[in-house]
Amino acid sequence: MVKKAEPVFKIQNIGIIGAGLMGVEIAAANVRHGYPVFIYDSNPSMLESVRYRAAMELADVPDEALREEMVLNIFPCDFMDLGACELIIEAIPESFDLKRQLYEDAKSIVRPGSIFASNTSTIPIERLAEVFPSPKMFIGLHFLHPVRDRELVEIIPSTKVCEVVTQRLCDYALAIEKTPLCVGDCPGFVVNRLLQPYINEAILLLQDGVSMEMVEKAAARFGMEWGPLRIMDEIGLDIVWHSGKILYESYPDRVLPSPILVSMVKKKLLGRKTGAGFYTWGHDWAENVHNRDFEPMAFNPDVQEIIEKWQRDGTLRISLTEIAGRLAAAMAMEGARIIRDDVVSEQGQVDMAAVIGLGFPEAKRGPLAWFAKESQSLR
């Protein structure tokens, strides 16, 4: 049961812990809508460059003076300065041990009434709430990469959180022009549970001898905004691998521990943020990390060598339509499990999450709606 409401301070300014890619994207989303942002990172170099990187994230704002004003509304700060914020968003790497240590340190800054939200994408909120000093004010708030283009945010209450905190977060999401989806607590929530089988199926296709080009072309022809390999490059292969490891522990029957991903991570082929992953991103990739219009150059021949090492015997003969069907069906099957597990109550919520959270083609209305239509046509 969610606890009854208790008074909290009105959200007027935002604190962010973690000035990496997601931290900067979340900061930019907030200053776009007038929220001052105080941001902290334990790495001084990350703080030194945070305004420069935020300026790149805000490059689409046409009014230069307004853009500069937004950037100046981001304040690199010391850890203790975060105590003045009504909402603190934790956006550090997906490690329970790292988060547990941070939450221990947070005892000194979190004041009564302040909301503390984790941007975790895979770790159950109940588990994190158990190690947070004030669990009634702790909640999951999962932004999706790239934050500027993803309308959805997942809000994940624990059993200990005050009801008013959940409502405050929903109101806050709407204030920054995001669609809040309140979901039940489980590893991966909704969006990453839908994403993982999409990625898994792509890796299986590669191991079956299907080319990287065919996988991505099939996804594009189906109408996906990004193919599964592009998505992995955008997220970062190290994050994909680490998140997959967490999900594998919870869903070992359907999460693939891929030697391809392990080999890529070992070789530092992490995707866009290192200039090479499944794609090569060109010599000026570093200057375009926050440029959403920046396109990769070509498929990476170094990754092709890794794939060939782990390919099964023989080459699968399969059409683009069949490839797309496998990718979408894998997502639809997980969507059905999400409903079964009562993570959300309605099919439309799963389909909405896929469309506005993962770029599933809007014309197909979501993986469950698509699967139902395909099944009907085969009768």
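Modeller: Start with Lys99, which is buried, with a relative accessible area of 0%. Keep in mind that this is a predicted model.

Biologist: With which residue does Lys99 form a salt bridge?

Modeller: Lys99 pairs with Glu90, and their closest N and O atoms are 2.4 Å apart. To count as a salt bridge, a side-chain nitrogen of Lys or Arg must be within 4 Å of a carboxyl oxygen of Asp or Glu.

Biologist: Is Glu90 buried or exposed?

Modeller: Glu90 is buried, with a relative accessible area of 0%.

Biologist: How many salt bridges are found in the whole structure?

Modeller: The search finds 23 salt bridges. One of them joins Arg111 and Glu86, at 2.9 Å from N to O. Arg111 sits in the loop between α5 (96-106) and β5 (115-118). Glu86 sits in the loop between β3 (74-76) and β4 (87-90). The two are 25 residues apart. Arg111 is partly exposed at 29% relative accessible area, whereas Glu86 is buried at 7%.

Biologist: Which residue forms a salt bridge with Asp341?

Modeller: Arg193 does, with the closest N and O atoms 2.9 Å apart. Asp341 lies in the loop between α14 (320-340) and α15 (347-358), and Arg193 lies in helix α8 (residues 191-207), so the pair ties together parts that are 148 residues apart in sequence. Asp341 is partly exposed at 35%, while Arg193 is buried at 3%. Salt bridges with shared partners link both into one network with Asp253, Arg254, Glu334, Arg337 and Arg340.

Biologist: Next, packed helices. What describes a pair of them?

Modeller: Two things: the angle between the axes and the distance between the axes. Take α8 and helix α12 (residues 259-266), whose axes come within 10 Å and cross at roughly 95 degrees. Angles of 65 to 115 degrees count as roughly perpendicular, and α8 and α12 are therefore roughly perpendicular to each other.

Biologist: Which residues of α8 and α12 meet?

Modeller: From α8, Ile203, Leu206 and Gln207; from α12, Pro259, Ile260 and Leu261. By class, that contact has five nonpolar residues, one polar and no charged ones.

Biologist: At what angle do the axes of α15 and α16 cross?

Modeller: They cross at roughly 110 degrees and come within 7 Å, with helix α16 spanning residues 367-377. This pair is roughly perpendicular too. On the α15 side the contact uses Gln347, Val350, Asp351 and Ala354. On the α16 side it uses Pro367, Leu368 and Ala369. This contact has five nonpolar, one polar and one charged residues.

Biologist: Now the sheet. What is the order of its strands?

Modeller: Read β3-β2-β1-β4-β5-β6-β7-β8, an open sheet of eight strands with mixed pairing. β3 and β8 (179-182) stand at the edges with a single partner strand each, so one side of each has no neighbour in the sheet. Neighbouring strands are turned by 25 degrees against each other on average, direction ignored.

Biologist: In which sense do β1 and β4 pair?

Modeller: Strand β1 (residues 14-17) and β4 pair in the parallel sense, over four bridges. Ile17 has Glu90 as its bridge partner in β4. Helices pack here too. α5 lies across β1, β4, β5 and β6 (138-143), at about 170 degrees to β5. Helix α7 (residues 163-175) touches β1, β4, β5, β6, β7 (152-157) and β8.

Biologist: How do side chains sit in a strand?

Modeller: In a regular strand they alternate between the two faces of the sheet. In β8, Thr179 and Leu181 are on the covered face, and Pro180 and Cys182 are on the uncovered one.

Biologist: Last topic: the backbone. What do most residues and peptide bonds look like?

Modeller: Most residues other than glycine have a negative phi, and most peptide bonds are trans. Now the exceptions. A cis peptide bond joins His145 and Pro146, with omega about -5 degrees. Pro146 is in the loop between β6 and β7.

Notes: Residues numbered from 1 in each chain as written. Predicted model: local features only at pLDDT ≥ 70, side-chain atom pairs only at ≥ 80, totals over all residues. Heavy atoms only, no water. Buried < 20%, exposed > 50% of the residue type's maximum accessible area, 1.4 Å probe, protein only. Axes fitted to C-alpha atoms, helices over the stretch in contact; angles between N-to-C directions. Parallel < 35°, antiparallel > 145°, perpendicular 65-115°, else oblique. Contact = heavy atoms within 4.5 Å. Nonpolar A, V, L, I, M, F, W, Y, C, P; charged D, E, K, R; others polar. Pairing = 2+ DSSP bridges.
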